[in-house]
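Biologist: Thanks for sitting down with me. Could you take me through this one, starting with the sheet and then moving on to the chain contacts?

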2 protein chains.
Amino acid sequence: MSREKKIDRLREIDRQTQTLGSIVQLLSWDQETGMPPAAVGGRSEQLSLLEGMIHDNTAGEEVGELVGELCGDSTPELPPGALLRGAEPDPDSSAFLRTMRREHLRAVRIPRRLVTEFARAQSRGQAAWISAREKDDFAAFLPHLQTLLDLNREKADAVGYEEDRYDALLDEYEPWMKASTVDRVFDEMSGALRSLLDRIMGAPEVDDAFLYTDYPVEQQKLFSRQVAEAIGYDFSRGNISESAHPFTIRPGDDDVRITTRYNPASFKSAIFGTIHETGHALYEQGVDDSLKGSVLGQGTSLGIHESQSRTWENMIGRSSEFWKHFYPGLCELFPENLGGVSRERFVQSVNKVEPSLIRIEADEVTYGLHIILRFRLERELLSGNLPVADLPGAWNDLCEELLGIRPRRDAEGVLQDVHWSMGAIGYFPTYALGNLYGAQFFAALKKEEPDIEKSFGSGNFSKVREWLTGRIYRYGSSRTAGELVHTITGEDLQAKYFADYLETKYTQLYDL
Amino acid sequence: MSREKKIDRLREIDRQTQTLGSIVQLLSWDQETGMPPAAVGGRSEQLSLLEGMIHDNTAGEEVGELVGELCGDSTPELPPGALLRGAEPDPDSSAFLRTMRREHLRAVRIPRRLVTEFARAQSRGQAAWISAREKDDFAAFLPHLQTLLDLNREKADAVGYEEDRYDALLDEYEPWMKASTVDRVFDEMSGALRSLLDRIMGAPEVDDAFLYTDYPVEQQKLFSRQVAEAIGYDFSRGNISESAHPFTIRPGDDDVRITTRYNPASFKSAIFGTIHETGHALYEQGVDDSLKGSVLGQGTSLGIHESQSRTWENMIGRSSEFWKHFYPGLCELFPENLGGVSRERFVQSVNKVEPSLIRIEADEVTYGLHIILRFRLERELLSGNLPVADLPGAWNDLCEELLGIRPRRDAEGVLQDVHWSMGAIGYFPTYALGNLYGAQFFAALKKEEPDIEKSFGSGNFSKVREWLTGRIYRYGSSRTAGELVHTITGEDLQAKYFADYLETKYTQLYDL
């Protein structure tokens with residue numbers, strides 16, 4: 001078989017894998033948006049059948065042989081940057097091949113027994129976590145977390161790593177990223193956030209009470225939809241539905257859906273949630289047609305994904321210029337809530353900074369501290385330095401150290417997030433990496449287009465969207481996160497751009 | 001391998017096939033209820049991948065060998081009744097084996113090339129039909145119908161038949177049914193319907209104008225949901241959503257969904273549509289747990305399915321007793337529409353009989369004539385006696401003969417239904433068979449429980465539902481339609497029960 005034939009065959013197998021994967025996405029979307037409750041058992045059977053097929057495809061001998069012949073059996077995993085060439089998404093299939101190889105190796109290295117045990121522990125762990133959080137009973141969750149931690153160690157050892165066991169886990173969510181890099185940028189970020197937070201806490205408090213009045217849900221829906229459309233969400237290739245926790249999902253190449261939730265008592269939740277998810281969706285909808293149906297046809301890492309949701313939500317959606325355009329329409333929709341509230345006060349309020357216990361409610365400045373807390377603790381757990389039984393105390397101490405407040409109950413502390421109960425260790429840092437990537441990209445954009453923010457004020461979002469699409473979205477996973485950072489900004493990932501962005505924004509907002 | 005082991009293995013393969021089938025159902029449900037328009041290409045790729053897998057499972061060598069060894073290679077297909085034994089759904093796996101054998105033989109007899117050609121012709125035919133109907137241009141649809149007809153002939157010959165080529169097609173929708181039986185019962189039915197219709201046309205016309213006033217959609221939703229719940233739809237194992245054409249679908253054993261549509265200008269559409277679909281759903285939700293996940297775990301034929309939707313919609317849902325219970329609540333929801341309308345007039349109006357051109361808007365009396373029209377024409381088409389080019393004229397002539405009115409445009413005549421454009425020949429008769437099965441079952445019920453209708457008046461629907469579940473629903477497909485008719489009523493299918501039911505009902509309603 002010629003090299004071209006082999007690549008074609010690999011693409012054919014991959015296409016089937018991706019189609020099965022997109023069906024999994026639809027099943028998951030449905031499960032969160034309206035599936036009848038009693039259907040849950042049947043749904044897990046459907047999901048496990050498809051996921052088994054995907055695993056068999058990816059780990060299969062045929063893929064192994066093709067990948068071996070095409071990449072060379074002894075080729076090491078290629079470092080980011082090594083394949084950097086060309087302005088087109090994947091002109092010579094090299095990104096396709098390295099990604100197929102990467103996926104294949106991960107799949108064959110993890111034994112099927114471990115996959116099954118992991119899945120069982122995840123589903124038990126999640127159920128135990130739900131009940132433990134309700135009852136504020138960490139002890140009931142402890143044995144599950146211990147099991148999940150042990151299985152994660154086993155998984156990391158099966159996958160393999162060079163420097164740090166944590167790298168093998170992190171790599172699942174943020175390919176090619178190393179814990180040492182996260183350490184470096186989080187250390188930089190941590191000092192900047194703490195210092196800015198201290199200064200903000202010294203400034204007069206913002207009165208944002210009007211945000212928590214009764215906002216009619218129908219109008220919230222209307223406005224969320226208007227904003228999503230205005231910033232470029234393509235409704236012919238997606239839709240918005242409701243779920244308990246907002247998410248973006250891709251049940252097809254031309255089917256990128258977002259969900260949101262409407263809380264009549266809080267304006268911020270639906271609108272900023274929608275902008276956030278629209279940011280994820282713009283990334284997926286912006287992938288080049290040539291990559292559709294392949295393993296490269298989606299976002300390259302969770303961190304880059306999060307950079308886009310946060311760029312749209314925070315850097316664009318909470319900017320003063322953005323509301324210059326949208327605030328008059330918003331006031332017309334909610335005259336009772338916003339009568340007498342100036343645009344300046346509105347913008348200040350949606351950017352209000354205040355240390356709080358719950359990560360998902362945190363503002364831009366304190367959010368990173370919530371992540372540092374989790375990142376440090378999960379590394380200590382994994383290394384064995386921190387016994388699981390000591391975790392709640394360690395959480396509370398570190399929370400107090402970083403944020404200046406201490407949880408009174410584990411439900412608002414160590415039990416607040418779902419991630420660990422699903423066995424996801426190495427996931428949390430990607431949220432904060434997203435802020436760093438996003439700010440570094442945005443700084444590069446502003447260097448080229450110093451007046452870009454003015455375009456928001458006139459309701460023109462195509463300029464920023466086209467820049468992001470041209471530099472990031474179109475490449476799907478054909479460029480790694482590191483390669484994107486290098487090609488766009490010319491340097492390694494740095495925390496200083498995010499720190500600078502916050503410094504400028506909040507100095508002005510709080511008149512520091 | 002022991003016989004038990006072989007049956008277990010066959011059940012295991014079947015379980016996977018059914019799981020894939022339920023995923024197909026979810027993809028179809030989503031396609032009709034909110035999938036973004038541009039996703040249609042990706043969706044057909046997903047569907048064809050899964051349907052290919054299902055076909056490979058069913059037609060596979062392993063199933064062939066197991067079925068051969070377990071049923072004997074030379075065993076003819078078993079006639080209905082032959083396996084009749086036991087009060088439990090499938091105590092000795094005999095229904096399971098004959099059904100697996102039947103499905104396997106159908107799957108291997110139709111060559112893969114024909115399956116592919118058929119699928120392509122269906123999708124082209126449907127697209128051509130949509131545009132032809134819009135433009136009232138039968139000529140544009142003609143070549144597609146010709147192709148689909150030719151492919152149906154080829155399919156029938158591949159599947160095989162004894163008496164009539166049409167039997168091989170009918171058998172796909174109504175297993176074991178023969179065209180000769182349909183001929184017999186339709187002839188009986190036709191005379192009764194015509195004679196009743198003539199007498200009704202001689203009676204004073206019912207003034208049902210109040211049904212076409214503006215009924216607020218939110219209240220329609222509320223009421224439809226109330227009725228579905230009252231008659232026994234289990235919302236923990238299903239939900240109601242909206243689609244252009246109402247349907248019932250089963251994306252899981254514990255997931256039977258219905259759809260409806262709300263037309264503010266017409267009250268009947270949503271409410272009777274909902275009761276109709278709830279009837280289908282009660283059948284599926286009533287299948288015995290022991291059959292779940294197997295090929296026997298769903299309704300046994302389209303005709304029996306339709307008997308249940310029509311029993312609930314018409315025999316129960318349009319009865320005077322039914323509205324004794326629901327009418328007061330309905331008037332509270334729609335005071336402006338129903339103020340001054342007596343219950344008697346309301347019941348007369350929702351049962352108004354009037355020959356019309358469009359099948360899906362037809363009343364109980366004329367509906368059967370619409371089906372006879374289609375059944376006769378598709379048999380003539382299949383036999384070659386009627387050239388496709390002569391179809392529109394033949395349609396109009398027969399319509400005038402049966403219903404006394406003649407379409408002025410093909411869009412309200414031969415182009416009105418989707419079925420032929422999808423290559424479904426042999427499907428239409430199942431609608432009218434449903435009326436016959438339903439009335440024959442209901443007559444048996446009334447023999448046992450002469451006062452059953454009184455229970456509707458007090459809002460008690462569990463009695464009728466339990467009877468139907470005990471005799472029909474629980475058996476899923478483990479009893480054929482013919483076996484159900486025999487065990488429940490002790491005789492062959494007859495049209496007289498339906499004729500008697502209509503006679504009694506309309507004599508009273510129209511004071512004939």
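Modeller: Gladly, and please keep in mind that this is a predicted model. In chain A, S2(A) and S3(A) pair over three bridges, and the sense of that pairing is antiparallel.

Biologist: Which residue of S3(A) stands opposite A:Gly252?

Modeller: Strand S2 of chain A covers 248-252 and strand S3 covers 255-260. The residue of S3(A) opposite A:Gly252 is A:Asp255.

Biologist: Which strands stand at the edges of the sheet?

Modeller: The sheet is open, has three strands with mixed pairing, and runs in the order S1-S3-S2 in chain A. Each edge strand has a single partner strand, so one side of it is left without a neighbour in the sheet; the two are strand S1 (240-242) and S2 of chain A.

Biologist: Which helix lies across S1, S2 and S3 of chain A?

Modeller: This helix runs at about 165 degrees to S3(A). Residues 267-285 of chain A form it, and its name is helix H10.

Biologist: Now the interface: how many salt bridges are there between chain A and chain B?

Modeller: The two chains bury about 2300 Å² between them, 61% of it on carbon and sulfur atoms. One salt bridge joins A:Arg15 and B:Glu45, with the closest N and O atoms 2.7 Å apart. The count between chain A and chain B is six.

Biologist: And which element gives the most to the side of chain A that touches chain B?

Modeller: Helix H1 (3-33), helix H2 (40-59), strand S2 and strand S3 of chain A each supply at least two residues there. With ten residues, the one giving the most is H1(A).

Key:
Residues numbered from 1 in each chain as written. Chains lettered and ligands numbered in written order. Predicted model: local features only at pLDDT ≥ 70, side-chain atom pairs only at ≥ 80, totals over all residues. Heavy atoms only, no water. Buried area = accessible area lost by both parts, 1.4 Å probe. Salt bridge = Lys/Arg side-chain N within 4 Å of Asp/Glu carboxyl O. Helix = DSSP H or I, 4+ residues; strand = E, 2+ residues; numbered from the N terminus. Pairing = 2+ DSSP bridges. Contact = heavy atoms within 4.5 Å. Axes fitted to C-alpha atoms, helices over the stretch in contact; angles between N-to-C directions.
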